[in-house]
Every structure is written in structure tokens, then in C-alpha cells.
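User: Please walk me through a few features of this chain. I would like the general idea, then the case here.

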Amino acid sequence: QVQLVESGGGLVQPGGSLRLSCASSRSIFSITVMNWYRQTPGKQRDLVASITNAGSTNYADSAKGRFTISRDNAKNTVYLQMNSLKPEDTAVYYCNAVTYSGPSHSSSWGQGTQVTVSS
């Protein structure tokens, strides 16, 4: 099981930027895909962005053009750069690591980091 620690959340004004970090306890090169999810109270956890160990990325429509997911294999860290933030981006953001091995897979979650977009 991989341990994940998110950081970088906080309070930002609309139009501002934040960069979230997700530090992994083991090499992220060995992790098949790393995801950023977000969740608001009473709602399901939604996928925001993904990056595979091959570097392929995928974004939710709400994140396209504003958010960028990246990875630093040397630091075992995945980032989510969020620009042009809107109040509706307010949520707890979670890092998720999924590793596929044959027919099985394992999934790990971080503790989450709060992002609040408000004036």
C-alpha cells in the first residue's frame, strides 16, 4: 500500500492559482495511474485529472484549459496546477494512486487538502 500526502490547498480569490502536491511513499513510476479527485459535502467524489506512468493525461471538462497535472518521478510527486480558479472549484481535493498488476489492482488515497475559492 502506498502512502500519499497532499499539500498546497488554501484560500484563494477567484481568478487566482494554486498548486497542489501529492507526495508518494514509493516510486510513482511503479504506479499505473495517479489521479486527482475532488469532493464537496454531500456529493460524490469526482475525478478532476489523471496521469499515467507513461505520461498520458486526462481531464474532466471542468478542468480542461485551467488545470494541469504533472509528475516528477525523481521526487515521487504529482502536481495539480490550478489556474483561473472559480468559486465552484471549492472542494476537498484528494490524490489517488492506482496500480494494476495482472488481473488485480490496488488503490490508495491521501487525506485530502481543502481548496476554497472566495473573495
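User: How many disulfides does the structure hold?

Analyst: A disulfide is a pair of cysteine sulfur atoms within 2.5 Å. The structure holds 1 disulfide. C22 and C95 form it, with their sulfur atoms 2.0 Å apart. The pair links distant parts of the chain, 73 residues apart: C22 is in strand β3 (residues 18-24) and C95 in strand β9. Strands (E, at least two residues) are DSSP runs, numbered from the N terminus.

This is a predicted model: local features need pLDDT of at least 70, side-chain atom pairs count only at pLDDT 80 or more, and totals for chains, interfaces and linings use all residues. Residues are numbered from 1 along each chain as its sequence is written, and side-chain values use heavy atoms, with hydrogens and water left out.

User: Why is the disulfide of C22 and C95 called left-handed?

Analyst: The torsion about its S-S bond is about -80 degrees, so the disulfide is left-handed.

User: Are C22 and C95 buried or exposed?

Analyst: Buried means under 20% relative accessible area, exposed over 50%, partly exposed in between (1.4 Å probe, protein chains only). C22 is buried, because its relative accessibility is 0%. C95 is buried too, with a relative accessible area of 0%.

User: What is the phi of N76, and what is the phi of S84?

Analyst: Most residues other than glycine have a negative phi. N76 is not a glycine, yet its phi is positive, about 55 degrees. N76 sits in the loop between β7 (67-72) and β8 (77-82). S84, also not a glycine, has a positive phi near 50 degrees. The loop between β8 and β9 (91-101) holds S84. S84 counts as partly exposed because its relative accessibility is 40%.

Definitions and conventions. Helices (H or I, at least four residues) and strands (E, at least two) are DSSP runs, numbered from the N terminus.
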